[in-house]
There are 2 protein chains.
Amino acid sequence: MKRILVVVFMGLAIAAISIRVGRSQTSQPATPGPQFAADGKLVRPEGYRRWVYVSSGLGMSYSQKASDSMQMFTNVFVNPVSYDYYLQHGTWPDKTIFVLELYGSTSQGSINKHGNYQKDFMGLDVEVKDEKRFAEKWAYFGFNSGEKIASASTPGQNGCWQCHEQNAAVEHSFVQFYPELLKVAKEKGTIKPTVHLE
Amino acid sequence: MKRILVVVFMGLAIAAISIRVGRSQTSQPATPGPQFAADGKLVRPEGYRRWVYVSSGLGMSYSQKASDSMQMFTNVFVNPVSYDYYLQHGTWPDKTIFVLELYGSTSQGSINKHGNYQKDFMGLDVEVKDEKRFAEKWAYFGFNSGEKIASASTPGQNGCWQCHEQNAAVEHSFVQFYPELLKVAKEKGTIKPTVHLE
């Protein structure tokens, strides 16, 4: 009986330690990788606001001609498991998901007098790496504000793909615009030699 | 012996389940609450880039006079446990830590032609809620780029405190500049009635 109690106690102790380990990780949800509808359109990623924040821009444009519409903030997030992999290797594992969130900007509001802050949610752009599904490895999808499934399935070497292939510093990620990720890429030596960082 | 083995197996099964639960939460680290040096200065928070992202601004200023120095991006993060509490209650628990990260901005670089992205890390501003340590509940600390301990201990009703007390929409947090948190405050009815949101 005594031996059984000792064993029970040990089992419970292990369980308790394991639960504590779990809890100490807080409530950042697991990410199952990109999910697709039957027709190949991407299902909108959920919970990405608990993923790892990458960086933000305001009104960024790669065109020579400036836009005359409202400047938008772009907040970029990446799924945590892929971020952990990137920190170790400087490259992105299969099933990586980047979410680029679009917010309208405003300057005058509350006590703010200058500069810009974020106001209305405008949509999502999503980039996924799925080596089995896409021969080109990376694919691009857009979601309007309320859409649950991407408007269109856009795998293939479309405009997004071509630009990321040619200009993104690490694989298809523009780490030249993300200071914390750029440090890692420099340390790991994973920047594409053909890319101009400055 | 058989009974012991059954008990061992049950213990290990519980442990295995617990470990799986832990793993599914990924690797967002625990945050122990604000840490202070013996002289009352705040120890720089570590790992805040894995906390919950709140929002970003660019060149925000509450002064009538526009600044002629470089516009800076401000990225705001909050510790995950406090964020979870906020989602449920619309208010902030004791030991909440907000980190406001400062990055220099640039427009021309790589293929970018317009707008701004983040470049050089410039420092941190940190706001903590610690009800036992501060009679005023909230306190404010600044860190230059490489500093590990805040330059100065600034509890008390200093300029930061006064402005947040008077103008921040929820307790001392400017959720009027954070669209996702503002939604929660509206739903929970926790916006200070004296504050102008627009």
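Let me start with helix 2 of chain B, residues 80-89, where B:Pro80, B:Val81, B:Ser82, B:Tyr83 and B:Tyr86 are buried. Buried means that 20 or more other C-beta atoms lie within 10 Å of the residue's own; exposed means 12 or fewer, partly exposed is in between, and the C-beta atoms are placed from the backbone. Helices (H or I, at least four residues) and strands (E, at least two) are DSSP runs, numbered from the N terminus.

This is a predicted model, in which local features need pLDDT of at least 70 and side-chain atom pairs count only at pLDDT 80 or more, while totals for chains, interfaces and linings use all residues. Residues are numbered from 1 along each chain as its sequence is written, and chains are lettered from A and ligands numbered from 1 in the order in which they are written.

Back to the helix. What do the buried residues of helix 2 of chain B pack against? They pack against strand 1 (52-61), strand 2 (72-78) and helix 4 (179-188) of chain B. Just after this helix, B:Gly90 has a positive phi of about 75 degrees.

Now helix 2 of chain A, also residues 80-89. Its buried residues are A:Pro80, A:Ser82, A:Tyr83 and A:Tyr86. They cover an arc of only 155 degrees around the axis, so they sit on the same side of helix 2 of chain A. The arc is taken from the directions from the helix axis to the C-beta atoms. On the other side of that helix, A:Gln88 and A:His89 are exposed. The buried residues of helix 2 of chain A pack against strand 1, strand 2 and helix 4 of chain A. A:Gly90 follows the helix, with a positive phi near 75 degrees.

Next, chain A as a whole. It has four helices and five strands, in the order α-β-β-α-β-β-β-α-α along the sequence. Of its 198 residues, 34% count as buried. Among contacts in chain A with a separation of 6 or more, 50% come from residues 24 or more positions apart. A contact here means that two C-beta atoms, placed from the backbone, lie within 7 Å.

On to the strands. Two strands pair if DSSP finds at least two bridges between them.

Strand 4 of chain A and strand 1 of chain B are antiparallel, with three bridges, and A:Asn116 stands opposite B:Leu58. B:Leu58 also stands opposite B:Phe73 in strand 2 of chain B, where strands 1 and 2 of chain B pair antiparallel over six bridges. Is strand 1 of chain B mostly covered or mostly open? Mostly covered: nine of its ten residues are buried.

A:Gly59 is in strand 1 of chain A. This glycine counts as buried because 20 other C-beta atoms lie within 10 Å. Setting aside residues up to four places away in sequence, A:Gly59 touches A:Gln71 and A:Met72, and from chain B, B:His114, B:Gly115 and B:Asn116.

Then the cores. A nonpolar core is a set of buried Ala, Val, Leu, Ile, Met, Phe, Trp, Tyr and Cys residues joined through C-beta atoms within 7 Å. Which members of the largest one, with 72 residues, touch the most other members? They are A:Phe77, A:Val126, B:Phe77 and B:Val126. Apart from this core lies another of eight residues, including A:Met72, A:Tyr103, B:Leu58 and B:Phe73.

A:Lys95 has a phi of about 80 degrees and is found in the loop between helix 2 and strand 3 of chain A. A:Lys95 is partly exposed, with 18 other C-beta atoms within 10 Å. B:Glu171 has a phi near 50 degrees and lies in the loop between helix 3 (159-167) and helix 4 of chain B. B:Glu171 is partly exposed too, with 19 other C-beta atoms within 10 Å.
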